[in-house]
Amino acid sequence: MEAVHIGDHLQELLEERGITEPEFVNKMGIAENISKSLLKGKEHVTEELAKILEDVFSIPHTFWLGLQKLYDKN
C-alpha cells in the first residue's frame, strides 16, 4: 500500500466539510505559503503543524504525525 501525503488527506477533508482553501489558510493561522504547501504535499508535518491541524479539524495531532511517519517510510 502506497502512503499518501497529508495534503491529499487534507484536500478530502476540506471537500467533505465544505471548507475552501482560503478558509483553511485562515483557520490555520500561519503563513499562507506554509498552509498552501501543506495542501500541495510539499510541507512536512511537524509537531507544531500537527497541533494546529488538531485544533482546526478536531482530529488528534498524533493522527497527523502518524500519517507523516507512514509517508516518510515510503
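Predicted model: local features only at pLDDT ≥ 70, side-chain atom pairs only at ≥ 80, totals over all residues.
Start inside. The largest nonpolar core has 19 residues. Within this core, the residues with the most contacts are L10, F24, M28, L53, F57 and W64. The biggest share comes from α4, which gives 6 residues.

Next come the salt bridges. The structure holds 2 of them. One joins E32 to K36, with the closest N and O atoms 2.8 Å apart. Both residues lie in helix α3. They are 4 residues apart, about one turn of the helix. How accessible are the two partners? E32 has a relative accessible area of 44%, so it counts as partly exposed. K36 is also partly exposed, because its relative accessibility is 28%.

The other bridge pairs K51 with E47. Here the closest N and O atoms are 3.7 Å apart. That falls inside the 4 Å cut-off for a salt bridge. Because K51 and E47 are 4 residues apart in helix α4, about one helical turn separates them. K51 counts as partly exposed because its relative accessibility is 40%. E47 has a relative accessible area of 39%, so it too is partly exposed.

Which residues form the negative surface patch? They are D8, E12, E15 and E16. A patch takes in residues with over 30% relative accessible area and no salt bridge, with like charges joined within 9 Å. Take E15 as one of the four. E15 is found in helix α1, which spans residues 6-17. Its relative accessible area is 69%, so E15 is exposed.

End at a backbone detail. S58 has a positive phi of about 60°, although it is not a glycine. Where does S58 sit? It is found in the loop between α4 (47-57) and α5 (61-73). Is S58 buried or exposed? Its relative accessibility is 65%, so S58 counts as exposed; the cut-off for exposed is over 50%.

Note on methods: Residues numbered from 1 in each chain as written. Heavy atoms only, no water. Helix = DSSP H or I, 4+ residues; strand = E, 2+ residues; numbered from the N terminus. Buried < 20%, exposed > 50% of the residue type's maximum accessible area, 1.4 Å probe, protein only. Patch = residues over 30% accessible without salt bridge, like charges linked within 9 Å, V, L, I, M, F, W, Y side chains within 5 Å. Areas by Shrake-Rupley, 256 points an atom, 1.4 Å probe, with all protein chains shown as cover. Salt bridge = Lys/Arg side-chain N within 4 Å of Asp/Glu carboxyl O. Lys, Arg positive; Asp, Glu negative; His and termini not counted. Charge placed at Lys NZ, Arg CZ, Asp CG, Glu CD. Core = buried A, V, L, I, M, F, W, Y, C linked by side-chain atoms within 4.5 Å.
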